[in-house]
Amino acid sequence: MSNPPKDIFDAKIFLAKVGDGKAILEFNKNQKIFEQGNVAETIFYIQKGKVKLTVLSEQGKEAVVAILEPGHFFGEGCMNGHKLRISTTTAMEDCLITSITKAAMISALHDQPKFSELFMAYLLTRNSRIEEDLIDQLFNSSERRLARLLLLLANFGKEGDPQRISPNISQETLAEMVGTTRSRVSHFMNKFRKLGLISYNGHIEVNNSLLSAVLHEKPVLKERD
């Protein structure tokens, strides 16, 4: 089999290399990448590690709004006219991240259809996730929201086998993302474990039985707040 022509554009290789307007950055666990209110002029792409997005209200209350993984972009709001960051991003573990200036991003999207396809697919997936999260928040109990979040964090429904959930994702973080208290999350986690829906020893392992419970709305997940 012949090798592909060298001029074929590979979006992921493009993102993994230093170039005009691009840099490869390393962040240690708990290191902030940018803070809410910073000037927004760069887009980021995660090569390795996990990143937490948090928002601080005017009353000083902080909420976790997303956990991002390899293959995710963030900070793309500057492409839509945001001059300041609307969230804070923090490395949850050691991370390898590509930074791309707004000008370099616009040039790549214009000149490289494959890269444009990759970025558009990410935006569409993220938009669908936001809609699903809103519906989840409006209509489901906190127990069911937690179950769905655990499935998402374990990558159920994606290519490859489900993953163990990192111990860096604490019950406090889960509570903020679900919109409930840590004590409620602890109660539900213990309940899920006793029912064999999850197991954990450092890492959280999500079992197929939890997916079945969510899909078929079994009574275990019908408790309301």
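In the predicted model, one aromatic cluster is formed by F14, Y45, F73, F115, F119 and Y122. Ring pairs were assigned to Phe, Tyr and Trp (its six-membered ring) with centres within 6.5 Å, planes under 30 degrees apart counting as stacked, over 60 as edge-to-face and the rest as tilted. By this rule there are eight aromatic pairs. F44 and F74 are stacked, because their ring centres are 5.2 Å apart and their planes lie at 15°. F44 belongs to strand β3 (residues 42-48) and F74 to strand β6 (residues 73-74), so this pair ties together parts 30 residues apart in sequence. Strands (E, at least two residues) and helices (H or I, at least four) are DSSP runs, numbered from the N terminus. Both F44 and F74 are buried (under 20% relative accessible area, with exposed meaning over 50% and partly exposed in between; 1.4 Å probe, protein chains only).

F73 and F119 form an edge-to-face pair, at 5.0 Å centre to centre and 85° between the planes. This pair links F73 in strand β6 with F119 in helix α3, 46 residues apart. F73 and F119 are both buried.

Charged side chains also lie over rings (NZ of Lys or CZ of Arg within 6 Å of the ring centre and within 35 degrees of the ring normal). K22 is placed over the face of F14, 3.7 Å from the ring centre, and R85 over that of F34, at 4.1 Å.

F139, in helix α3 (residues 113-139), is exposed, with a relative accessible area of 59%.

Residues are numbered from 1 along each chain as its sequence is written. In this predicted model, local features need pLDDT of at least 70 and side-chain atom pairs 80 or more, while totals for chains, interfaces and linings use all residues, and side-chain values use heavy atoms, without hydrogens and water.
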